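Hi everyone, thanks for coming. Let me put the sequence and the model up on the screen, and then we'll walk through it together.

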Amino acid sequence: TNSSPEQAGRAAPPTPWQLIMRMPREVYVVFLVDFLNSYRTFGFRSVQYQYLTNEFALSDMETGQLLGIQAWLLVIFGFLGAMMVDAFGVRRTALVALFVAAISRGMLTFGTSRQSMVIAIIGLSPFGEAVLSTGIYTVALKKLTTPETRSVAFGVQYGIFNLAGALADIAADFLRKSDFLLPKWIPYPEYVGGAVWSGLRLHVFVTWIAVLLAIGVAFFFLHDAVVVPLDVPISPFAYATGGGAA
């Protein structure tokens with residue numbers, strides 16, 4: 001069959017893969033940081049109740065009260081995080097929140113006292129968790145994409161978010177079944193080198209490593225760049241053979 005003049009004057013819309021390839025390099029940086037941050041979040045959230053009761057000898061009532069206070073603080077710091085993104089930008093907000101999250105997760109990983117655990121859960125974790133959960137990387141993606149590529153970028157981000165959560169759950173299920181003897185050459189023998197860690201503590205340690213990697217990636221590669229499309233079709237479905245819109 002012969003195509004109509006209207007069909008002949010239009011090019012086929014790009015595939016999702018073509019749209020992904022059109023995105024700037026900074027988008028892939030956001031994807032990587034989002035993956036590491038999501039792994040950190042889901043990695044601890046899926047085991048936090050069992051971790052607090054097993055590693056710090058909290059009762060069910062004490063654990064519930066502690067996590068309830070933390071949840072209340074997360075709401076408060078969530079508003080603070082949204083204001084920080086508007087005031088300081090994605091890069092600065094992400095670095096500050098990741099740095100606080102690294103300290104908090106490190107205290108939970110290497111700490112053995114209830115005092116250090118409470119400081120991490122109540123004093124530090126609400127800020128890091130809430131600020132990093134306010135969608136700052138979604139804001140970054142919006143600034144780095146055009147109307148043509150934005151929906152695909154958000155779809156990929158959602159897939160990465162769930163992939164990280166799935167991998168964290170698989171790792172937790174695998175590691176929690178065994179205890180692990182750490183090599184004696186690692187320093188701090190009282191807490192690390194030569195110590196026996198439960199699988200849960202080792203899993204939390206991996207989430208701490210994810211935070212450190214996220215800090216490194218964000219510090220060197222995450223910037224507050226903004227893509228200003230100068231030649232973008234009015235609608236992502238209006239693909240004329242000549243390229244941009246008139």
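Let's start with a term: accessible areas here come from the Shrake-Rupley method with a 1.4 Å probe, and for residues only the protein chains shown count as cover. With that in hand, the protein has an accessible surface of about 13,400 Å², and 67% of that belongs to carbon and sulfur atoms.

A word on where this comes from. What you see is a predicted model, where local features need pLDDT of at least 70 and side-chain atom pairs count only at pLDDT 80 or more, while totals for chains, interfaces and linings use all residues. Residues are numbered from 1 along each chain as its sequence is written, and side-chain values use heavy atoms, with hydrogens and water left out.

Now the overall layout. We have 9 helices and 2 strands, where helices (H or I, at least four residues) and strands (E, at least two) are DSSP runs numbered from the N terminus. Reading from the N terminus, the order is α-α-α-α-α-α-α-α-β-β-α. Of the 246 residues, 42% are buried; buried means under 20% relative accessible area, exposed means over 50%, and partly exposed is in between, with a 1.4 Å probe and protein chains only. Among contacts (heavy atoms within 4.5 Å) with a separation of 6 or more, 75% are between residues 24 or more positions apart.

Next, charges. Side chains of opposite charge can pair when their charged atoms come close. A salt bridge here is a side-chain nitrogen of Lys or Arg within 4 Å of a carboxyl oxygen of Asp or Glu, and the structure holds 5 of them.

Which residue does Glu148 meet in a salt bridge? The partner is Arg22, at 2.6 Å from N to O. Glu148 sits in the loop between α7 (136-144) and α8 (150-175), and Arg22 in the loop between α2 (16-21) and α3 (25-45), so this pair ties together parts 126 residues apart in sequence. Glu148 is buried at 13% relative accessibility, whereas Arg22 is partly exposed at 48%.

Arg201 and Glu55 form another salt bridge, with their closest N and O atoms 3.1 Å apart. Arg201 belongs to helix α9 (residues 199-221) and Glu55 to helix α4 (residues 48-55), 146 residues apart. Arg201 is buried, with a relative accessible area of 5%, and Glu55 is partly exposed at 21%.

One more pair: Arg114 and Glu62 meet at 3.4 Å, N to O. Arg114 lies in helix α6 (residues 114-132) and Glu62 in helix α5 (residues 60-110), so parts 52 residues apart in sequence are tied together.

Finally, let's look at two helices packing. The axes of α3 and α6 come within 11 Å and cross at roughly 135°; axes are lines fitted to C-alpha atoms, for helices over the stretch in contact, and angles run from 0 to 180 degrees between N-to-C directions. That makes α3 oblique to α6, as angles under 35 degrees count as roughly parallel, over 145 as roughly antiparallel, 65 to 115 as roughly perpendicular and the rest as oblique. Asn37, Arg40, Thr41 and Phe44 of α3 make the contact with Ile121, Glu129 and Leu132 of α6.

Is Ile121 buried or exposed? Ile121 is buried, with a relative accessible area of 0%. Leaving out residues up to four places away in sequence, Ile121 touches Phe44, Leu66, Gln70, Leu108 and Pro126.
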